[in-house]
Amino acid sequence: MHAKISNIVNPPLAGRYPASKASVEGEVPSGFAGGGGDASPYDIKGWIMIRRPVVAGKFYPSSADELERQIGGYMTSDAEKRRVIGIVSPHAGYIYSGRVAGDVYSRIVPANSFIIMGPNHTGMGLPVSVYADGEWEVPNGIVEVDSSLASLIMRRCRFAHDDYSAHLYEHSLEVQIPFIKFLVHDPKIVPIVMMEDDIKVLKDLGEAVADAVASSSGTIIIASTDMTHYESDESVRRKDSMAIRSILDLDPLGLYEVVRKEGISMCGFAPTVSLLFAANRLGAKKAELVRYATSAEVSGDYSHVVGYAGILIM
């Protein structure tokens, strides 16, 4: 399956919004506990690039009212609010991971901007792809990209580039945005999709993100990730506990090494490593596991399980 960008953007903009020839591989049923979904094209109004939702109606409701009700059901209204540097939040279908995400978002003091880093599940685009300008639409509203913050990151990190094709069909960032929109009436975002796992790149990106945050006013960093995929519930919990321990220790190298050594299929480990590098540069003191769950708690299938963790970094 190859994306034909010529069908998505007008020819005069083809240079501004580069295409990737990489094929989409490893697809799983839409809205599954850790998989991808179908796509719909971008829309261009004037010179504003609008990224339309691709997993609405699959990972979460396509109706704004139903979506707001579902998210409201996942939020904890009386939770103590914390000022955070960043969070770790899952990106599966809400039926599986929405409760974990809701518990995390319930506990943060909302920010003006959110830098969302997630893994590239499609193989499209550049190794570190920044959606640098435009808007993202979800059923409960439209969110503007913080182009100034995106530019700061790209200037500071030589590996990060303005690239829209990686975001075409990617769900890992999209599923965070309805929660952000639920919290903040008019937020801004910087979407970053990653398929690079070289530790030097992850460190450079994390430090670039930290420097951008330090020069801005009110920004939270989000690492979008599910944990271990498609193993027994017992194995998933055992492996995830090792990865979570490194996150709670604010140890990016430790997380990087344990994921590789133990074969932990944490899809967003690279964004999480970058988040930890950023958090340390910004003076993080502690991290807290808010909630952990597995897909078995919903599906009843304990043989093919995905894990989800919600973590605050302060």
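Author: Start with the buried side of helix H6. Its buried residues are Asp 233, Ser 235, Val 236, Lys 239, Asp 240, Ala 243, Ile 244, Ser 246, Ile 247 and Leu 248. Look at the spacing in that list. An α-helix has 3.6 residues a turn, so residues three or four places apart point the same way.

Now check the length. H6 covers residues 233-248, which is 16 residues. At 1.5 Å a residue, the helix should span 22 Å. Just after H6, Leu 250 takes a positive phi of about 55 degrees.

Keep in mind that this is a predicted model. Step back to the whole protein. It has nine helices and 13 strands. Of its 314 residues, 58% count as buried. Among contacts with a separation of 6 or more, 80% join residues 24 or more positions apart.

Next, packing. Two packed helices are described by the angle between their axes and the distance between the axes. Take H5 (residues 199-214) and H8 (residues 269-281). Their axes come within 7 Å and cross at roughly 50 degrees. H5 and H8 are therefore oblique to each other. Their crossing is right-handed. On the H5 side, the contact includes Ile 199, Leu 202, Leu 205, Gly 206, Val 209 and Ala 210. On the H8 side, it includes Ala 270, Val 273, Ser 274, Phe 277 and Arg 281.

Key
Residues are numbered from 1 along each chain as its sequence is written. This is a predicted model: local features need pLDDT of at least 70, side-chain atom pairs count only at pLDDT 80 or more; totals for chains, interfaces and linings use all residues. Side-chain values use heavy atoms; hydrogens and water are left out. Helices (H or I, at least four residues) and strands (E, at least two) are DSSP runs, numbered from the N terminus. Buried means under 20% relative accessible area, exposed over 50%, partly exposed in between (1.4 Å probe, protein chains only). Contact means heavy atoms within 4.5 Å. The expected span of a helix is 1.5 Å times one less than its number of residues. Axes are lines fitted to C-alpha atoms, for helices over the stretch in contact, and angles run from 0 to 180 degrees between N-to-C directions. Angles under 35 degrees count as roughly parallel, over 145 as roughly antiparallel, 65 to 115 as roughly perpendicular and the rest as oblique. A crossing is left-handed if the near helix is turned anticlockwise from the far one by less than a right angle, and right-handed if clockwise.
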